[in-house]
Structure formats: C-alpha cells, structure tokens
Amino acid sequence: MKRLWAAAAFAVIVAIICSIGIYCVNSYSKGLISRLDMASDAAKSGDLTKATALSQQAEDYWISAEKVLGLFVSHNEISQIGVSISKLPSLIENGDKALFLAELSSAKIQIIHTTKMEIPIDIN
Amino acid sequence: MLSTVIRTAFLYFIVILCMRVMGKRQVGELQPSELVVTILISELASIPIQDLSRPVSNGVIAILMLVILEIVLSAASLKIPCLRRVFVGKPAIIISNGKIDQKMMRKLRITIDDLLEGLRQDGYFEIENISFAIMETNGKISAMPLVKDTPATKSDMDIAAPEKGVPITIISDGKLQNDAFSSGEINEKQVMKYLKSKNLDVSQVFLMTGNKLKEFYVVKRE
C-alpha cells in the first residue's frame, strides 16, 4: 500500500513537471513568435528602425526564456533558435531585409518544431 | 565538468530512491517486467549524465514513469490474476512424477544441460532422484526429490523439538545491538550474565547471537 502511495506521489510530480514544461514552452514560444511576427511586419512595411528594436527585444526575450526552457527542452534546440535570433538585429541594421526575413522564418520554424516536440500529438 | 558531477549525484539518488520504492529483489530473482524496468532505468539515468545538452528532467520523468508503471502493474497483478499471467507468466512443470516433459522443454526452449544446471544449483545432482521440477517465472528451476530420497525430519522420526526462533544478533563488533531486545525474547540481563560466566565483557565480543531458548553463540574479538 505504501508503494502505491509512493507511485501516486511520483505521478503527481510527473504531472506537475510535465504541465509546467508544456506551459512554459507554449507561452515562451508564443511570446517569441508574436515578437518575431511584429518585427517581420515592420521590416516588410519598410520601418527598419522598429524592426531592429523588435528583433533586439526578441533576442532579449529569448535570453530570459533560455533559463527556464533549459529545464525542459534539449539545450541544442534552444541554442539553434538562439543563434538564428541573435543574427536578426545586425541583419536588419545593415538593411539586409531578405536575409533578415529568411533568418526570421528559420527561427520561427525551429520554435514551432521545438514546441510540437513537447506536446503529445500523433507525430510524436 | 561540475555539471556532470552534480547530475551524476542527483540521478544516483533518484535511481536509488526508485529502486528502494520498487522493493527488495535480487537481480537473479527479477520477474520479466522488473528486469525490463531495471535495464531501462539504468539506460535512462546514463543519458543525461553523458549528454549535458539533455535536461535532467527528461531522464527523471522517464525513470519516475517506469517506476509508476511497475508499481501500478504489480499492484494490479495482485488483484487481477489474468494480468499477472500476461506480464509475469506462470510456472511450468518440466519433470512430473519423475518423467521429463520434453515437449514442455522444447516449448520453454531449455536444453537438458540447462535443466541439469538448474537442478545442480538447487542441490540435486542426480536427475533420477527428482519427482517434480518446475521452471519458475523468474527462470529459476525448483526441484522436489522423490519421497524415498528426502532426508528424514524430526517429525518423521517423532522427535519433539522446541522452536528456537530466529537467531538474533546481540553484539556486533564489540557493540551491543539495541534492537536485539525489542522482541522481548532475550533481555540484557541474561546476556550480561552469560558474558560474565564466560569472563567476557561486551567490548571483547566480535559476534554474539542468541535465540529464544537462551542458547548463545559467541565469537571473541581478536
């Protein structure tokens, strides 16, 4: 009987860790994607200053997210997204809009892929 | 490097905790499901230790999940016999009334050498003396000799013998074991009296055991 209680306690721990993990991954990826979308829209409309500021914001946001996401997501995945995002401010500052949008799309796809990996859906 | 040290220590305690929660069984006595869980736990624990890019939580969650499944499955097997039959299997009779069931041996894929080895490990060197041999679910062979080959017991001989109970360790390495007197079968006064009769004190004793008939066994410290 004691073992069943221990198993129940473990189940609660697992449920809590998984829920926190899914919540964190979802909320951080949504936050980052919305920032990237705004940066993309600004770049497309020709407002490069705003796009630079927003991509810088996205970078800062990702740096703060890394600390939490590192508990649940493979560090390699986080690092790859970080590499893509860190290129954005300098690309748009130099006026390289096409490369900026390409790198932004790449970052977005990686974020979506990482988020999907954490959610129990049929492809997983 | 320090991360590896911390991860290793953390996972070591997690695995020890999990093995303790799963219960006491020796490796050779593991049921198939327990063997699978034990192998998987060791593999899962080693992944976050070796690969620092993997979060520790991934390994811990997987280990805890296996422990939960193992406990729930074993608890359910106690209540539902058919579940136990599926996950644990049932013992198979290999020798019945002194006759080897060759069909069963083929079914279990065990050779005559395996059978003889199993019998030897059980203390039987001559197969003709065996009445029944059963392959247990953990792969061990249990044997029962023919009645004519079993040693005579006190009850066979109608000899009355009092129950001695389990021998209790009273002194270990010169130190009195406090829990030795918890059963109430032996008390400290009796022990001290016995030691005095042997001209010994507690610190001079390497090992002292006793049973409820007040029979003591003493090994002096060298």
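## A tour along helix α1 of chain A

Start by selecting helix α1 of chain A together with helix α2 (residues 48-69) of chain A: their axes lie 8 Å apart and the packing angle is about 165 degrees. Everything you see here belongs to a predicted model. How do α1(A) and α2(A) run relative to each other? With angles over 145 degrees counted as roughly antiparallel, α1(A) and α2(A) are therefore roughly antiparallel. The crossing of α1(A) past α2(A) is left-handed.

Now show the side chains at this contact. On α1(A), pick Cys24(A), Val25(A), Tyr28(A), Gly31(A), Leu32(A), Arg35(A), Leu36(A), Met38(A), Ala39(A), Ala42(A) and Ala43(A). Among their partners on α2(A) are Leu48(A), Ala51(A), Leu54(A), Ala58(A), Tyr61(A), Trp62(A), Ala65(A), Val68(A) and Leu69(A). Colour the contact of α1(A) with α2(A) by class and you will get 18 nonpolar, three polar and two charged residues.

**Next stop: α4 of chain A**

Residues to click on α1(A) include Gly21(A), Ile22(A), Asn26(A), Ser29(A), Ile33(A) and Ser40(A), while α4(A) brings, among others, Phe100(A), Leu101(A), Leu104(A), Ala107(A), Ile111(A) and Glu118(A). The contact of α1(A) with α4(A) holds twelve nonpolar, six polar and three charged residues.

Val25(A) is worth a label: Val25(A) is listed in the contact with α2(A) and also in the contact with α4(A).

**Crossing over to chain B**

Now bring chain B into view. Which helix of chain B gives the most to the side that touches chain A? Begin with the whole interface, where 14 residues of chain B are in contact with 17 residues of chain A. Helix α3 (residues 56-79) of chain B gives the most to that side of chain B, with nine residues. By class, the side of chain B that touches chain A has ten nonpolar, three polar and one charged residue.

On the α1(A) side, look for Arg3(A), Leu4(A), Ala7(A), Phe10(A), Ala11(A), Ile13(A), Val14(A), Ile17(A) and Cys18(A). Facing them on α3(B), the contact includes Ser57(B), Ile61(B), Leu64(B), Met65(B), Ile68(B) and Ala75(B). The contact of α1(A) with α3(B) comprises 16 nonpolar residues, one polar and one charged.

**Last stop: the domains of chain B**

Colour chain B by its domain assignment: domain 1 (2-86), domain 2 (92-149) and domain 3 (168-220). The centres of domain 1 and domain 3 of chain B are 41 Å apart.

Finally, switch to colouring by confidence. Chain B has a mean pLDDT of 87, with 97% of its residues at 70 or more. For the complex, the predictor gives an ipTM of 0.79 and a pTM of 0.70.

Notes: Residues are numbered from 1 along each chain as its sequence is written. Chains are lettered from A and ligands numbered from 1 in the order in which they are written. This is a predicted model: local features need pLDDT of at least 70, side-chain atom pairs count only at pLDDT 80 or more; totals for chains, interfaces and linings use all residues. Domain bounds come from an automatic or database domain assignment. Two residues are in contact if their C-beta atoms, placed from the backbone, lie within 7 Å. Helices (H or I, at least four residues) and strands (E, at least two) are DSSP runs, numbered from the N terminus. Ala, Val, Leu, Ile, Met, Phe, Trp, Tyr, Cys and Pro count as nonpolar, Asp, Glu, Lys and Arg as charged, and the others, Gly among them, as polar. pLDDT is the predictor's confidence in each residue, from 0 to 100. Axes are lines fitted to C-alpha atoms, for helices over the stretch in contact, and angles run from 0 to 180 degrees between N-to-C directions. Angles under 35 degrees count as roughly parallel, over 145 as roughly antiparallel, 65 to 115 as roughly perpendicular and the rest as oblique. A crossing is left-handed if the near helix is turned anticlockwise from the far one by less than a right angle, and right-handed if clockwise.
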